[in-house]
Amino acid sequence: MANYFNTLPLREQLNQLGVAEFMDISEFADGVSALKGKKIVIVGCGAQGLNQGLNLRDSGLDVSYALRKEAIEQKRDSWKNATDNHFKVGTYEELIPTADLVSNLTPDKQHSSVIDAVMPLMKEGATLSYSHGFNIVEEGKQIRKDITVIMTAPKCPGSEVRAEYLRGFGVPTLIAVHPENDPQGKGLAEAKAYCVGTGGHKAGVLRSSFVAEVKSDLMGEQTILCGLLQTGSILSFDKMTEKGIEPGYAAKLVQYGVEVITEALKQGGITAMMDRLSNIAKIKAFEVSEELKTIMRPLFQKHQDDIMSGHFSRTMMEDWANGDKNLLQWRAATGETAFEKTPAGDVKIGEQEYFDHAVFMVAYIKAGVELAFETMVEAGIKPESAYYESLHETPLIANTIARKKLFEMNRVISDTAEYGCYLFDHACKPLLAGFMKTVDTDIIGRDFNEGKDLAVDNQSLIAVNEAIRTHPVEKVGAVLRRAMTAMKAIKTV
Amino acid sequence: MTDPVVHIAQLNLQYAHDVILDQLDWQINRGECWLIGGRSGSGKSALAKALAGLEKTSGTVQVNIDPQSPLPPRVLYVSNWYQFTNLEGDRNFYYQQRYNKQQKNDTLTVYAELAAYANSENLLLEDLAKYLVLFEFADLKATQLIELSSGEHKKLQLIKALWLKPQLLIVDEPYTGLDKASRQKLNGFFDELASAGVHLVLITNETDLPSCINRFAEIEKGKLKQVDSVSALSMDISRSRKVIPPFLTEAPALSADIMVEMENIRIRYGEKEVLKGIDWTVRSGEKWLLQGHNGSGKSTLLSLITGDHPQAYANHIRLFGHRRGSGESIWDIKERIGIISPELHWYFDKTARVWQAIASGFYDSIGLFRQVSYEQQQKIDQLLAFFELTEDKDRLITTLPLGKQRLVLLARTIIKNPPLLILDEPCQGLDRAQTALFNAVVDELCGFGKTLIYVGHYETQLPNCLEKKMVLEKGEVQVIEEMSELAY
């Protein structure tokens, strides 16, 4: 199979990369009617599969689960998830031929074999739905021409998709129709109905394309979201313990700090995150982040280039074929880091302290979000798509670190994200080695403001504020966040 | 040793601009056990928290721990309302999720929680057994914390406090969610603790008290005022009957004579059968009381009606004339039901203000995500006046006394004038006066063709409008009868 993106002429590549239309809620006035009374069969019953299915059923749709014969016979977790919630469960052979819409919610790695098994069983003119476009774009899977191919991608972990739905809200969602597979022109109506069924229409929907989703999703997850948070956590912890900060305190400051800091990011963008600092700390964080951006920019560009050329997916798929040799080895190494092995201390850290004692972390997150956003936009991805795959998802990943550190993050994210995360981490640490020698506990571990005169020069403060507030990620963010006004505030630890 | 156990002098506490405690003096001497009662909003809980060092105050709060005592040198405060803070990942949960089965144990079990507590407090697990048995907790050891009912959570909290035996134990509304038998058992334990040397402070207006209580007080204008007995405590001023807002007097447009029809309802979790063949019909306009011990299956039964339970799709249930699972969405169902439950309150948006919370009732959402029309705003204002909440409309719900918080939730759920009201222990944690007020409002609202299902423990503390009663016992119907036939 050839990489789909690479088969396209440049004009069509740019055309598909540039699909990003933020949809108004009025476009969802038809509700779930395009799927009403139709048979939806979900393949796979993990976190996304189960939770999307629960939402769709609670929206009045007919949902059942097709699982592999072995999964049913051996009563695996996916079978238990589906049957314990009283869904109809059957084999591919039993259920796929009856389906009007087949939703493939298996892990990326299994997509090719799942599609090979499912496609011949699908009835003429049915619809195939994905939550991620990797299989279509990077693996270049060809789908039968009578089948409509759509994507509905909630930009949150499965449990969150369910929790927000039950609160009467939803999570921001990307929808797309594959231009090679829309023979009846029904793709968009069904993608919208699916999105309403999962509750996504209430939180802001971006109409995207398979290409734009994949190229931005891969870039976001391996740089700012997972890679950068992993590197930042390890570097911050190691620096603190090297300089004599109590390890329990250091572990807690990092583990929960990323969550508290990025909560400000979620509610008010980089501006709000930086505004939590005192004026002198903000100016310091700005300077540090500018320096970090200069050092890390070539690495971000390399990741984006490798994603665009298909080099990244090709080498990763080689590792899949090689029994995940690299992935498993890197995963084990992450479990052995000092940060991972040091439990968070039983010390009280106030909400503001997480900012004042971690100016470096604030600067580092700002640098990462801006770099990821800038690099994606330079590569032809629209600002709206770039926003979702950088700033928007950062707090969600930070939540997983707060739960059970890097182990939990790497467990929750996809294999693709995990693989890219390690690539980034391994390249980024040596890149920052020289810089880290200049870092002391004033910007990570202790209160930056302590013992300092808090006065600042008007002109420098004005210039710094101006630079933060007018960054393009802040402009597009202000518009998109308005659609997600009621994001719930997390509890402070 | 003659030092008082507690010496409080010139204690001041403010919430924003409201003075709660004003130059308050209080002394607890050896051998004294106190009851603090009186009006809601007078500052009882604030004083209890201040005593435990949980509030920002000025003045002196001195607790003299006895170094010779074998009891742990600790001051423990058990709050009136159970706050779940020690659960990993709980911020990603919403309460209805506990009905969704997923093969991933994200939360601790009861036993793991207690074992961790034993470890951190140096307690012996063998001392725990009698509390588990008496609170009927022995069967719940393997249950995940998120699966416990609210009453069970309160018991777990009490179990921990009794087990610890701290030198000073402050319990805010200790009888929350407990039935009569459990309350008596609890009083027995309190007396045991007191004779072992624990100094007790109970915050309540209940009259069935442990015999060790020998001092009574209330707070008046921010100062402590000692009284002779429970009966001398001030009571809340009773509500004057108000004209109900006109939009609530429109009888709901009914689509069916039968609101709820359930046939042979069976719910099981793995080996455990929670509901064992329930038949129940609720006709339009009926006012039902639903009772049963903690864990008898009441909340599960109600969750089948409110669209929160996935197993509703596998049972024979008709709601408002339609078979469940015939193409309706849970939002179609919720639109017709007004609901309050301890869990709803527990997981309610902590950043919500009174006005926004009531407005969110139009959309059945936790948090307000949409604009409210002028007509809707008028309804909200009328309800605020009816509930005597106009002055509080911009306040954070969490800063109101518990009784008022529940009235806000009742206003939120009634704002859309739903045909069916489901009030699941709506007075849990409220004292007598607050409960009486709440039930009076329910009676006023429940004319005009509304159907009511009310879950409550104590038969002396119920709305007058109730006509029929169903009692569940271990997942089965024990009694269905007319309320008028009951001798109280």
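In the predicted model, residues 17-208 of chain A are 32% helix and 21% strand. The end C-alpha atoms of this stretch are 8 Å apart. An unreviewed UniProt entry annotates residues 17-208 of chain A as "domain: KARI N-terminal Rossmann". The UniProt annotation "domain: KARI C-terminal knotted", also from an unreviewed entry, covers residues 209-353 and 354-487 of chain A. Over residues 209-353, chain A is 83% helix and 0% strand. Here the end C-alpha atoms are 42 Å apart.

The domain assignment of chain A gives two segments. Domain 1 spans 21-207, and domain 2 spans 212-482. Their C-alpha centres lie 32 Å apart. The contact between them takes 19 residues from domain 1 of chain A and 17 residues from domain 2 of chain A. On the domain 1 side, three elements of chain A each supply at least two residues: helix H8 (134-137), strand S7 (148-154) and strand S8 (173-177). By class, this side of domain 1 of chain A has 12 nonpolar, 3 polar and 4 charged residues.

Chain B was also assigned two domains. Domain 1 of chain B runs over 6-232, and domain 2 of chain B over 246-485. The C-alpha centres of these two domains of chain B lie 28 Å apart.

Chain B contains an open sheet of 4 strands. The strand order is S11-S10-S13-S14, with antiparallel pairing. Strand S11 (272-283) and strand S14 (322-323) of chain B stand at the edges. Each has a single partner strand, so one side of each is left without a neighbour in the sheet. Strand S10 (residues 258-269) of chain B pairs with S11(B) in the antiparallel sense, over 9 bridges. Across this pairing, B:Met262 stands opposite B:Trp280 in S11(B).

Helix H11 of chain B covers residues 402-414 and has 13 residues. From its first C-alpha to its last, H11(B) reaches 19 Å. This is close to the 18 Å expected at 1.5 Å a residue. Burial was then examined along the helix. Of the 13 residues of H11(B), 13 are buried, so the helix is largely enclosed by the rest of the structure. For this assignment, a residue counts as buried if 20 or more other C-beta atoms lie within 10 Å of its own.

Note on methods. Residues are numbered from 1 along each chain as its sequence is written. Chains are lettered from A and ligands numbered from 1 in the order in which they are written. This is a predicted model: local features need pLDDT of at least 70, side-chain atom pairs count only at pLDDT 80 or more; totals for chains, interfaces and linings use all residues. The expected span of a helix is 1.5 Å times one less than its number of residues. A residue is buried if 20 or more other C-beta atoms lie within 10 Å of its own, exposed if 12 or fewer, and partly exposed in between; C-beta atoms are placed from the backbone. Domain bounds come from an automatic or database domain assignment. Two residues are in contact if their C-beta atoms, placed from the backbone, lie within 7 Å. Ala, Val, Leu, Ile, Met, Phe, Trp, Tyr, Cys and Pro count as nonpolar, Asp, Glu, Lys and Arg as charged, and the others, Gly among them, as polar. UniProt positions are given in the numbering used here, feature names are shortened, and annotations may be inferred rather than shown by experiment. Two strands pair if DSSP finds at least two bridges between them.
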